[in-house]
Amino acid sequence: MDEIFSLLKKYKITPNQFYVLYSMKHKIKTDRFVNISLELKRLLNDQWVKEDYKLTNKALIVIDQIESFFKLKKKKTSVSLMGPECIEKIKEYSEIFPKFKLPSGKYARTNIKTLEAAFRWFFKNFDYTWETILKATKIYVEEYEMNNYKYMRTSQYFIRKQMTDKSYESPLADYCEAILNGVEEQKNHFKERVV
């Protein structure tokens, strides 16, 4: 609402004058509580309305600007955010994680719908390719596999996890950034063998 009044103030138009302009554009009968003749006289003097009582271009522009505050913005689809093969990529991402419960007691894999919502957030906030995301995920899972998945996050929490202060952290973004910077985990060639 503040934006609308700031715009009216910027153009030096009163709310009543805007009401008259809007009514003229949309051919709406004005209310009797507004003094139309007084408002029209001011609008004519300030060149918002032509002599033949048609709206000027600047009047149409202001009306369009104010109307734009009330238009619903279309929500981006998953395909427009993440690409045409996003569901296949999400499935591929999920399959990198083990099929069993982690030592924390939670399943490593999260359902696809939940992952889709998490990836929507991820792609709104970060700009990484699926190739980088999948590579980072493989590195993450391999890293925790060596320690029997101890303290490993689920597939959802690896993408994003809400912190106590209501902010989000994304270990996936950190791993992706490390890959782009050329820092990859060195594979441990030696494993502990118990005989």
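A helix here is a DSSP run of type H or I with at least four residues, and helices are numbered from the N terminus. Keep in mind that this is a predicted model.

**Exercise 1.** Work out where Glu67 sits and whether Glu67 is buried or exposed.

*Solution.* 
- Step 1: Find the helix. Glu67 belongs to helix H4, which covers residues 57-68.
- Step 2: Check the accessible area. Buried means under 20%, and Glu67 has a relative accessible area of 17%, so Glu67 is buried.
- Step 3: Look for partners. Setting aside neighbours within four places in sequence, Glu67 contacts Tyr22, Lys25 and His26. With His26, the side chain of Glu67 makes a polar contact of 2.5 Å.

**Exercise 2.** Classify the ring pair of Phe18 and Tyr22.

*Solution.* 
- Step 1: Recall what you need. A pair of aromatic rings is described by the distance of the centres and the angle of the planes.
- Step 2: Read off the values. The structure holds 20 aromatic pairs. In the pair of Phe18 and Tyr22, the centres are 6.1 Å apart and the planes meet at 35°, so this pair is tilted.
- Step 3: Phe18 and Tyr22 are four residues apart in helix H2 (residues 15-26), so about one helical turn separates them.
- Step 4: Compare accessibility. Phe18 is buried at 14%, whereas Tyr22 is partly exposed at 30%.

**Exercise 3.** Which residue lies over the face of Trp48?

*Solution.* Look above the ring: Lys58 is there, 4.4 Å from the ring centre. For Tyr157, Lys161 lies over the face, at 4.5 Å from the ring centre.

Technical notes
Residues numbered from 1 in each chain as written. Predicted model: local features only at pLDDT ≥ 70, side-chain atom pairs only at ≥ 80, totals over all residues. Heavy atoms only, no water. Helix = DSSP H or I, 4+ residues; strand = E, 2+ residues; numbered from the N terminus. Buried < 20%, exposed > 50% of the residue type's maximum accessible area, 1.4 Å probe, protein only. Polar contact = N/O pair within 3.5 Å; in protein donor to acceptor, adjacent residues only side chain to side chain. Contact = heavy atoms within 4.5 Å. Phe/Tyr/Trp six-rings, centres within 6.5 Å; stacked < 30°, edge-to-face > 60°. Lys NZ or Arg CZ within 6 Å of the ring centre and 35° of its normal.
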